[in-house]
Amino acid sequence: MRIIAGTAKGRNLKSPKGMSTRPTSDRVREALFNILSYEVPGSRILDLFSGTGAVAIEALSRGAAKAVLVEKDRNTSKIIGENLRLCNVLDKAEVMTTEVSQAIQVLGRKKESFELIFIDPPYKRGFEIPTLQKVLEYDLLTNEGILIVESDRADLPPDMVGGLRVFRRERYGDTMLSFYRL
């Protein structure tokens, strides 16, 4: 797994041993950032269920101003930190080692908001809707922001959750990206 473009282009990322994470493939990440190319520079990104941190690091490499990466597994969080250092973007990132729902509450209490939110939960475990609802409850997405959910194509999140509406879906093999706006 590598960074595709920007200041860290070509850097290989570390990933945890075993099957504890399912990193977003290079192909899906490249397509995602082609779609978001005008949205990324200067943006604040929230990467929930961050895994290796590849999505947020790719955004930082392409000019995002700040990233908050949330990963509950302590060992995986350490690897995220190593990847941020490897790509020289540690100064623009915050890693939160906690449950996603707890991180959302903390960020909401701090009145944080993000132009881009990427949610890539474990597939087929029912995390999508509660996570979308929490993001709405704590007002983390800016009015012009985009929220993206990566899911298995057989288990799509709904077209609407609260005030969020899907405006685009893209399929890459068995992986689906659903793009939401308020």
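Colleague: Which residues of H5 are buried?
Modeller: In this predicted model, the buried residues of H5 are Glu-128, Thr-131, Leu-132 and Val-135.

Colleague: Where do they lie around the axis of H5?
Modeller: They lie on the same side of H5, because they cover an arc of only 100 degrees around the axis. In an α-helix there are 3.6 residues a turn, so residues three or four places apart point the same way.

Colleague: Which residues of H4 meet H5?
Modeller: Val-100, Ser-101, Ile-104 and Gln-105 in H4 do, and their partners in H5 are Thr-131, Lys-134 and Val-135.

Colleague: How do the axes of H4 and H5 cross?
Modeller: They cross at roughly 10 degrees and come within 9 Å, with H4 spanning residues 100-109 and H5 residues 128-137. The angle is under 35 degrees, so H4 and H5 count as roughly parallel to each other.

Colleague: What comes just after H5?
Modeller: Asp-139, which takes a positive phi of about 55 degrees.

Colleague: Changing topic, how many residues has the largest nonpolar core?
Modeller: The largest nonpolar core has 30 residues, and Leu-32, Leu-36, Ile-148 and Leu-177 have the most contacts inside it.

Colleague: Which element gives the most to this core?
Modeller: H2 does, with six residues. Elements giving two or more residues include helix H1 (26-35), helix H3 (74-86) and strand E5 (141-152).

Colleague: What is Leu-36 in contact with, leaving aside its neighbours within four places in sequence?
Modeller: Leu-36 is in contact with Leu-116, Ile-146, Ile-148 and Phe-179.

Colleague: Which residues does the second core include?
Modeller: That separate core of 22 residues includes Ala-103, Ile-104, Phe-114 and Leu-140.

Notes
Residues are numbered from 1 along each chain as its sequence is written. This is a predicted model: local features need pLDDT of at least 70, side-chain atom pairs count only at pLDDT 80 or more; totals for chains, interfaces and linings use all residues. Side-chain values use heavy atoms; hydrogens and water are left out. Axes are lines fitted to C-alpha atoms, for helices over the stretch in contact, and angles run from 0 to 180 degrees between N-to-C directions. Helices (H or I, at least four residues) and strands (E, at least two) are DSSP runs, numbered from the N terminus. Angles under 35 degrees count as roughly parallel, over 145 as roughly antiparallel, 65 to 115 as roughly perpendicular and the rest as oblique. Contact means heavy atoms within 4.5 Å. A nonpolar core is a set of buried Ala, Val, Leu, Ile, Met, Phe, Trp, Tyr and Cys residues joined through side-chain atoms within 4.5 Å. Buried means under 20% relative accessible area, exposed over 50%, partly exposed in between (1.4 Å probe, protein chains only). The arc is that of the directions from the helix axis to the C-beta atoms.
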